[in-house]
Amino acid sequence: MSRINYDLSKIRAVAFDVDGVLSPSTIPMSPDGVPMRMANLKDGYAMQLAVKSGLKLAIISGADVKSIVGRFSVIGITDIYLGVSDKLPVFNKWIEENGLSPEEVAYVGDDIPDIPVLKACGLPVVPRDGAVEAKAVAKFITGADGGYGVARELLEEIMRIHGYWLSSDKAFGW
């Protein structure tokens with residue numbers, strides 16, 4: 001049984017913010033002032049398995065750096081939207097283009113700019129260390145802080161319900 005109080009069998013897609021969700025909120029800066037994001041390998045494993053299993057994944061981030069595209073395209077994510085200051089129109093267009101209803105989509109965000117999308121999706125998810133205002137609209141708050149397994153925690157639960165978690169040879173490789 002899932003710890004998430006939502007019918008996960010409805011979920012066909014998940015969209016993620018990056019900073020504070022897939023990377024920690026506190027990140028080092030390069031000498032030229034560019035944030036140097038970290039990536040969680042267990043998140044990456046779960047994300048690539050989710051893609052192989054047929055779940056639609058997207059990245060919607062205010063950040064606009066090449067390293068984000070490199071990280072997520074290598075694990076099979078093709079819907080990557082960067083430099084997005086108003087995420088809701090991008091989110092709505094993405095679900096429409098993919099024939100999804102809001103109830104079929106989880107969105108994971110951690111801060112005030114994510115609140116409109118958190119309110120628009122079926123399953124709003126916020127990391128444990130997310131902003132109080134974002135947590136107030138969440139249906140699920142992860143046990144992990146941003147950058148430390150948030151995607152793995154959510155995707156594992158979704159894939160277990162769908163029967164994708166460790167159910168085929170796809171699970172045992174990258």
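The text below treats the cores and then the charged pairs of this predicted model.

**Nonpolar cores**

The largest nonpolar core has 37 residues, and those touching the most other members are Val14, Phe16, Met47, Ile59, Phe72, Leu123 and Leu155. Two or more residues each come from β1 (13-16), α1 (41-52), β2 (56-60), α2 (66-73), β4 (105-108), β5 (123-126) and α6 (150-162). Helix α6 contributes the most, with 6 residues. A second, separate core holds 19 residues, among them Ala15, Ala58, Ala134 and Ala138.

**Salt bridges**

The structure contains 11 salt bridges. Three of these pairs are listed here.

| Pair | Closest N to O |
|---|---|
| Arg3 and Glu153 | 2.7 Å |
| Arg3 and Glu157 | 3.5 Å |

Arg3 sits in the segment before β1 and Glu153 in helix α6, so their bridge ties together parts 150 residues apart in sequence. Glu157 is also in helix α6, and its pairing with Arg3 joins parts 154 residues apart. Through shared partners, Arg3, Glu153 and Glu157 form one network. Arg3 is exposed at 52% relative accessibility, whereas Glu153 is buried at 15% and Glu157 is buried at 14%.

Lys56 in strand β2 and Asp79 in strand β3 (residues 79-81) are 23 residues apart. Lys56 is partly exposed at 28% relative accessibility, and Asp79 is buried at 15%.

Note on methods. Residues numbered from 1 in each chain as written. Predicted model: local features only at pLDDT ≥ 70, side-chain atom pairs only at ≥ 80, totals over all residues. Heavy atoms only, no water. Core = buried A, V, L, I, M, F, W, Y, C linked by side-chain atoms within 4.5 Å. Buried < 20%, exposed > 50% of the residue type's maximum accessible area, 1.4 Å probe, protein only. Helix = DSSP H or I, 4+ residues; strand = E, 2+ residues; numbered from the N terminus. Salt bridge = Lys/Arg side-chain N within 4 Å of Asp/Glu carboxyl O.
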